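Let's take a walk through a protein model together.

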Amino acid sequence: MNLSKQTYKKYAEATAEKTPCLKNCIKAFLIGGFICTLAQGFFNLYKYLGIEEETVKSLVPVTLIFIAVLLTGLDIFDDIAKHAGAGTLVPITGFANAVASPAIDTKAEGFILGVGAKIFTIAGSVILYGILSGAIYGVIYYIVKLIMG
Amino acid sequence: MLEYVYAFLTGGILCVIAQFLIDKTKLTPARILVTYVVSGVFLTAVGLYKPLVEFAGCGATTPLTGFGYSIAEGVRKAIDENGLIGALTGGLTATSAGITAAICFSFFAALFFKSKPKK
């Protein structure tokens, strides 16, 4: 074979990697887009029912979380996530699954040291770094506001 | 009708970026979630995310960047109302419904469902 390392690498990437990545991205796009469209549907439904907009803003993620936790419990979520990849991970459904999945899996270890201790095994990171960066932003915002008057 | 199209496209694109990062870099799904939340806080702080929320509605609030948006918006509002203490109270207040829902629903899921062996 007269292939240099670089061309081989390019060839290997083109044949082995590109197709799954493209396929994965299309599936993530369609399923992620669908979940967000569904969320918009719930949003408009709740508003149509005359619920106050501030409440609706909380109620829509709560609805999606409920569906995602239920599907996790019924063992259906993983089957969808296997195809959807980031399509179910990135929406709030991924966060809900990250809470529900360890809760159900650690039930055998008991409700205190199992479920209670391990419920935030994955989601804990999301809450820690989300809240931390929010607090840092808050301090900066406060100082900037003081200086600018 | 158009708002559904914008929600679909924006939500879909945010998922594609994450999928691309998972496939092409060593970022694990858990790191993606953290990156998205922190990015959401940052983009809201610099004023870029709110226009996206106004444009795409749930297409921008449903992805985890929207969780970061809620945290940052909550912090900003709490500081405007109560001063510096808002930096500590705003984030969790704004996201309390989602976090409490995830905790409570997951507890009941653990109560009622059994863990199935991994396929």
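Which hand does the crossing of helix 7 of chain A and helix 5 of chain B have? The crossing is right-handed; a crossing gets that name if the near helix is turned clockwise from the far one by less than a right angle, and is left-handed if anticlockwise. Helices here are DSSP runs of H or I with at least four residues, numbered from the N terminus, while strands are E runs of at least two.

Before going on, a word on how to read the model. This is a predicted model, in which local features need pLDDT of at least 70 and side-chain atom pairs count only at pLDDT 80 or more, while totals for chains, interfaces and linings use all residues. Residues are numbered from 1 along each chain as its sequence is written, and chains are lettered from A and ligands numbered from 1 in the order in which they are written.

Back to our pair of helices. Helix 7 of chain A packs against helix 5 (residues 64–82) of chain B at about 35 degrees, with the axes 9 Å apart. Axes are lines fitted to C-alpha atoms, for helices over the stretch in contact, and angles run from 0 to 180 degrees between N-to-C directions. Among the residues that meet here are Gly134(A) and Tyr137(A) on one side and Phe67(B) and Gly68(B) on the other; two residues are in contact if their C-beta atoms, placed from the backbone, lie within 7 Å. Ala, Val, Leu, Ile, Met, Phe, Trp, Tyr, Cys and Pro count as nonpolar, Asp, Glu, Lys and Arg as charged, and the others, Gly among them, as polar.

Helix 7 of chain A also meets another partner. The axes of helix 7 (residues 123–148) of chain A and helix 2 (residues 29–45) of chain B come within 9 Å and cross at roughly 20 degrees. Therefore helix 7 of chain A is roughly parallel to helix 2 of chain B (under 35 degrees is roughly parallel, over 145 roughly antiparallel, 65 to 115 roughly perpendicular, and the rest oblique). This contact includes Tyr129(A), Gly130(A) and Ser133(A) from helix 7 of chain A and Val38(B) from helix 2 of chain B. Its residues divide into eleven nonpolar, four polar and no charged.

Now turn to chain B itself. The axes of its helix 2 and helix 5 come within 7 Å and cross at roughly 45 degrees, so helix 2 of chain B is oblique to helix 5 of chain B. This crossing, too, is right-handed.

Val38(B) sits in helix 2 of chain B. Is Val38(B) buried or exposed? Val38(B) counts as buried because it has 20 C-beta neighbours inside 10 Å (buried means 20 or more other C-beta atoms within 10 Å, exposed 12 or fewer, and partly exposed in between, with C-beta atoms placed from the backbone). Leaving aside neighbours within four places in sequence, Val38(B) is in contact with Tyr129(A), Gly130(A), Ser133(A) and Gly68(B).

Finally, visit Asp75(A), in the loop between helix 2 and helix 3 (77–84) of chain A. Asp75(A) has a positive phi of about 70 degrees although it is not a glycine. Most residues other than glycine have a negative phi. With 14 C-beta neighbours inside 10 Å, Asp75(A) counts as partly exposed.
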